[in-house]
Structure formats: C-alpha cells, structure tokens
Amino acid sequence: SLGSTINFFTADTLALTLDSSQNATFAGNVAINGSLLELGSFNQFSGVNTSDLVLSVDKNNAGGGSSFDIQMDGATSAFYINNSRNVGIGTFSPDLKLDVESADTSVFSGTGYRTAIFQSTSSVNADKPGITLGYDTTGGGIIAPSTQSGATNFLGFWTYNSSWSEK
C-alpha cells in the first residue's frame, strides 16, 4: 500500500529500505562512528548472511540477569558468560567459573574420551606438551599428559612450600 515502505537511494542505487514495521534493511555495510551501539529492548545482533553467527548481550533483556553469548550455528551456545561471571564453553548454563561441556567423541585411549586439552604451542615444544582432561565410559575422570610424541609421557604434580618441587 501507499507509504508502506520508504526507500533511500544514492546515485540511483537502493541504499536503505524502511518498512511499515520500522525495520531497516541496508544494502551495504553499516558503520558506527560513535562509541556506543544501542540495541534497544532486544539486545542481539547477527553476522554472517545466513544468521549462523549470533552475538548476544543480555539476550533475554533481563537486566539483572545479564549475559553474553556467542553461537556459531544460530542456536547452540559455543561460549557463554552469565551474570555470575561463570564462563561456559559448550553450555549456556555454566555452574562454575569455568564449565566445559562436550559431546565430543575423540577417543583418548580404550574407553577414555577427551573433553578439554591444554597444550603448549611454543616452538621449543614441538611435541605439544600439556594436559588432557576427559572421562572414561566406566564412570571415572581422566587427567593425563597430552604429549603426542616421544617416549616420555609423565604427569607431574608440583607443590609450593617456600619453593616449587615435584611430588
């Protein structure tokens, strides 16, 4: 109907459309030159043309229940920080300061599976030494060295009593 949209053109090229619901569609990139981006009552914005990447700040507009969420598929949290400042990787409800959840099926050994790995990427450590965290399907947790090569695969525990020493 007449007046249901407003189109803005530059050099005979459509640049912006405002529809009757007050939605704006930009034909090109949008640049924010100020220091503040206000998203109104729905604090979520998406990148990627298919809306697969979603970055949300206080997604449910809960005020005191503020959160930060990154989704790679538009639905599942890849990285989440809740209002208690708990960080979730693979979960949108982290129970602790760092909560890593994974449905990964990377076999560590036998019935053991990896959940997280912390490795050195330093050039002096070509075999990537570190720690693997995981679980065994029989019910136990796993803490193991993550060295990928070499004959020595040990896990050391260190304590401090005026100096560091291995126990």
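Two strands pair if DSSP finds at least two bridges between them, and that rule runs through the views below. Helices (H or I, at least four residues) and strands (E, at least two) are DSSP runs, numbered from the N terminus. This is a predicted model, in which local features need pLDDT of at least 70 and side-chain atom pairs count only at pLDDT 80 or more, while totals for chains, interfaces and linings use all residues. Residues are numbered from 1 along each chain as its sequence is written, and side-chain values use heavy atoms, with hydrogens and water left out.

**View 1**
Three bridges link β7 to strand β8 (residues 87-89), and the two run antiparallel. Within that pairing, Ile81 sits opposite Val87 in β8. Five residues separate β7 from β8 in their hairpin, and Arg85 in the turn has a positive phi of about 70°. Turning to the other partner, β6 and strand β7 (residues 77-81) are antiparallel and share four bridges. Here Ile70 faces Phe79 in β7. The hairpin of β6 and β7 also has five residues between its strands, with Gly74 at a positive phi near 80°.

Asp69 belongs to strand β6 (residues 68-71). Is Asp69 buried or exposed? At 3% relative accessibility, Asp69 is buried; the cut-offs are under 20% relative accessible area for buried, over 50% for exposed, and partly exposed in between (1.4 Å probe, protein chains only). Two polar contacts are worth a look in this view. The side chain of Asp69 meets the side chain of Gln71 at 2.9 Å, and a polar contact of 2.8 Å connects the side chains of Asp69 and Ser77. A polar contact is a pair of N or O atoms within 3.5 Å; within protein, one must be able to donate a hydrogen and the other to accept it, and residues adjacent in sequence count only if both atoms are side-chain atoms.

**View 1. The open sheet of four strands, β10-β11-β12-β13.**
Four antiparallel strands make up this open sheet, in the order β10-β11-β12-β13. Its edges are β10 (107-109) and β13 (141-145), each of which pairs on one side only. From one strand to the next the twist averages 45°, where axes are lines fitted to C-alpha atoms (for helices, over the stretch in contact) and angles run from 0 to 180 degrees between N-to-C directions. Two bridges connect β10 with strand β11 (residues 112-119): Ser109 is opposite Gly112, and Val107 is opposite Tyr113. The hairpin of β10 and β11 has two residues between the strands, and Gly110 in the turn shows a positive phi of about 60°. On to the next pair: β11 and strand β12 (residues 130-136) are antiparallel over seven bridges, with Ile117 opposite Thr132 in β12.

Rings of Phe, Tyr and Trp (its six-membered ring) pair if their centres lie within 6.5 Å; planes under 30 degrees apart count as stacked, over 60 as edge-to-face and the rest as tilted. How many aromatic pairs does this rule give? The count is one aromatic pair. The ring centres of Tyr113 and Tyr135 are 5.6 Å apart and the planes lie at 20°, so the pair is stacked. Because Tyr113 is in strand β11 and Tyr135 in strand β12, the pair ties together parts that are 22 residues apart in sequence. Tyr135 is partly exposed, with a relative accessible area of 31%.

Ile142 is found in strand β13 and is buried, with a relative accessible area of 19%. Leaving aside its neighbours within four places in sequence, Ile142 has contacts (heavy atoms within 4.5 Å) that include Phe108, Tyr113, Leu133 and Tyr135. Between Ile142 and Tyr113 there are 8.4 Å from C-alpha to C-alpha, and the two are 29 residues apart in sequence.

**View 2. Confidence across the model.**
The predictor's confidence in each residue, pLDDT, goes from 0 to 100. The protein averages a pLDDT of 76, and 75% of the residues score at least 70. Confidence is lowest in strand β4 (residues 44-46), with a mean of 55, and highest in β8, at 91. Where pLDDT is low, the predicted coordinates should not be read in detail.
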